[in-house]
Amino acid sequence: LSLSLSLSLSNRFGAGVTDHSIFAALSQHWESEFHKDMKALNVRNNNQLLNSLLSTEILQNICTIYPSLSLYLSFQVLDPTCLTRVTDYVPEIIAYVERIITNGYAYESNGSVYFDSSAWRGDRGYLAKLRPESVGDLDMLAEGEGKLSGLNTKEKRNQVDFALWKASKTGEPFWESPWGRGRPGWHIECSCMAE
């Protein structure tokens, strides 16, 4: 239902979006709501919450039975001092994608750039290192990529290739790139930001 609604709204109103600041405002709103929820749930200070609920003796007995709880309680989660947004890293993401293309592991198709899974498999083995039995499992791929994964298979060389950069549709946020107006794919964001 949500995919149908999303596509319907995109088709009906997407071309009319000219002020892309609404996308930043929306994400910042939900980011703020997340931080309010974490504070209300007292996620920031694990010891304080549990100590208020249980006696020290009971807590020690529980930690003896569940050692992982001791580890959890030892974390002193502090408020963030910096918020990282993918939109702050778009130039680096573009450069990262360019390097992957130069190294022969990605290709451009109709303004999008896809990871070439067959080139990787030929050189380095399978991408599914954590679950080798998942190699070639298209149902699992669709689950991980979402329902949109199968919509542009004509652009891909291989059904399991995934987007590093997506050409933007009318009304979507975009950044200029060597491949035209577009946005980062889901997988490349964390890879680039973590580097």
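User: Why are helix 6 and helix 9 called roughly perpendicular to each other?

Analyst: In this predicted model, the axes of helix 6 (residues 90-102) and helix 9 (residues 186-194) cross at roughly 105° and come within 10 Å. Angles of 65 to 115 degrees count as roughly perpendicular, so the two helices are roughly perpendicular to each other. The axes are lines fitted to C-alpha atoms over the stretch in contact, with angles from 0 to 180 degrees between N-to-C directions. Helices are DSSP runs (H or I, at least four residues), strands likewise (E, at least two), numbered from the N terminus.

User: Which residues of helix 6 and helix 9 meet?

Analyst: Glu 92, Ile 93, Tyr 96, Val 97 and Ile 100 of helix 6 meet Ile 188, Glu 189, Ser 191 and Cys 192 of helix 9, contact being heavy atoms within 4.5 Å.

User: What puts the buried residues on the same side of helix 6?

Analyst: Val 90, Ile 93, Ile 94, Tyr 96, Val 97 and Ile 100 are the buried ones in helix 6, buried meaning under 20% relative accessible area and exposed over 50% (1.4 Å probe, protein chains only). They cover an arc of only 160° around the axis, which puts them on the same side of helix 6. That arc is taken from the directions from the helix axis to the C-beta atoms. The face turned away carries the exposed Pro 91 and Thr 102.

User: What do the buried residues of helix 6 pack against?

Analyst: Their partners are strand 1 (106-109), strand 2 (112-115), strand 3 (163-167), strand 4 (182-184) and helix 9.

User: How are residues numbered, and which atoms and pLDDT limits apply?

Analyst: Numbering starts from 1 along each chain as its sequence is written, and side-chain values use heavy atoms, with hydrogens and water left out. Local features need pLDDT of at least 70 and side-chain atom pairs count only at pLDDT 80 or more, while totals for chains, interfaces and linings use all residues.

Methods: Angles under 35 degrees count as roughly parallel, over 145 as roughly antiparallel, 65 to 115 as roughly perpendicular and the rest as oblique.
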